[in-house]
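Student: I have a model open and I'd like to learn how to read it. Could you walk me through some features?

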Amino acid sequence: MTAASPAPGAEVKLPPAYRLVTLDSVESTNDEAKRLAEAGAEDGTLVWAREQTKGRGRMGRDFISPRGNLYMSLVLRPECDIAAAAQLSFVAALAVGEGIGSVAPAMLEITYKWPNDVLLNGRKVSGILLESKPAPDGGIDWLVLGLGINIATYPQDTEFPATGLHFEGTPKTVTEVEVLQAVSRHFLAWVNRWLDDGFAPVRQAWLSHAHGKGETIQVRLPKETLSGTFADMDGNGVLLLDVPGAGQRRIAAGDVFFTA
Ligand code: BTN
């Protein structure tokens, strides 16, 4: 097992709501954040690493994590049930989209791919992994929100095409530190909006930049792949797919692909 070691002196400016844990190399910032959460880490603890040696994605996939990109995991302790807490992945997607938008050139197309990806000019630039521990009372004990954002490198061999900020016109002077600061600021703004007003404004903002909305998409499920029109996302984050001849399907988890 690789020991987590502190990163050499990066100057990071974050709002006071965060407590930053900076690491040079770690297996997975999500695993480190979960370990800290189990040990009692406060809401707002943010684990950031320069590289991950065993980064993880959704559905047990590897998330290759070389230096030059952003890998961060946030410990949250919201007072809500598991279903509401799952909405935080959409809150995080908006924070990533707007954070990237604030450091990237104006003409970039930033869109959201259901459920948890952020696309730059139609290619995946960021993935989000939400993990949580239920509390005995039906609420949650802790939630860890992990974000990976490609900046200086991106994987070449993925089924869905990827990209990185530096390959889409963002100056090479924009580093992980700047992206970390921008995304953290936007996350704070959006999480406060969510706490005050619920999921409705989050859903609306996400849907207004949803990739493929109203178009034919393919959704890969464990036992079948569906093709249909991406009609909507409901108030629980469920994808509504109009499948010709089969009515509307409600999809809680799956992999989305777009017709070229
Ligand atoms: C996905 O695209 O399937 C989600 C990728 C999530 C990757 C991030 S990087 C920081 C955090 N640590 C991990 O091991 N995974 C998440």
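Student: How many residues does helix H3 have, and how far does it reach from its first C-alpha to its last?

Tutor: Helices (H or I, at least four residues) and strands (E, at least two) are DSSP runs, numbered from the N terminus. The expected span of a helix is 1.5 Å times one less than its number of residues. H3 (residues 88-103) has 16 residues and reaches 23 Å, close to the 22 Å expected. Keep in mind that this is a predicted model, where local features need pLDDT of at least 70, side-chain atom pairs count only at pLDDT 80 or more, and totals for chains, interfaces and linings use all residues. Residues are numbered from 1 along each chain as its sequence is written, and side-chain values use heavy atoms, with hydrogens and water left out.

Student: Why is H3 called largely enclosed by the rest of the structure?

Tutor: We call a residue buried under 20% relative accessible area, exposed over 50%, and partly exposed in between (1.4 Å probe, protein chains only). In H3, 13 of the 16 residues are buried, so the helix is largely enclosed.

Student: And strand E4, which way do its residues point?

Tutor: Leu-70, Met-72, Leu-74 and Leu-76 point one way, Tyr-71, Ser-73 and Val-75 the other, and all are buried. With 7 of its 7 residues buried, E4 (residues 70-76) is largely enclosed by the rest of the structure.

Student: Which strands are joined to E4 by bridges?

Tutor: Two strands pair if DSSP finds at least two bridges between them. Strand E3 (residues 45-52) is joined to E4 by 4 bridges, and the two run antiparallel; here Ala-49 stands opposite Tyr-71. E4 and E8 also run antiparallel, with 7 bridges, and Leu-74 has Leu-145 as its bridge partner in E8.

Student: What lines the largest cavity?

Tutor: Picture a 1 Å grid over the protein atoms alone: a cavity is a set of points where a 1.4 Å probe fits but cannot get out, and lining residues have an atom within 4 Å of a point. Grid points are joined across faces, edges and corners, and the volume is the space filled by probe spheres set on the points. The whole structure has 1 cavity of 30 Å³ or more, and the largest has a volume of about 40 Å³. Its lining includes Met-72, Leu-74, Leu-145 and Phe-187.

Student: How many aromatic pairs are there?

Tutor: Rings of Phe, Tyr and Trp (its six-membered ring) pair if their centres lie within 6.5 Å; planes under 30 degrees apart count as stacked, over 60 as edge-to-face and the rest as tilted. This structure holds 6 pairs. Tyr-112 and Trp-206 have ring centres 6.3 Å apart and planes at 20°, so they are stacked. Tyr-112 is in strand E5 (residues 110-113) and Trp-206 in helix H5 (residues 200-208), so their pair ties together parts 94 residues apart in sequence. Both are buried. For Phe-160 and Phe-257, the centres are 6.5 Å apart and the planes at 50°, so that pair is tilted.

Student: Where does the charged end of Lys-113 sit?

Tutor: A charge sits over a ring if NZ of Lys or CZ of Arg is within 6 Å of the ring centre and within 35 degrees of the ring normal. The charged end of Lys-113 sits over the ring of Phe-160, 4.7 Å from its centre, and over that of Phe-257, at 5.9 Å.

Note on methods
1 Å grid on protein atoms, 1.4 Å probe; cavity = no way out; pocket = protein on both sides within 12 Å on 5 of 7 lines; lining within 4 Å.
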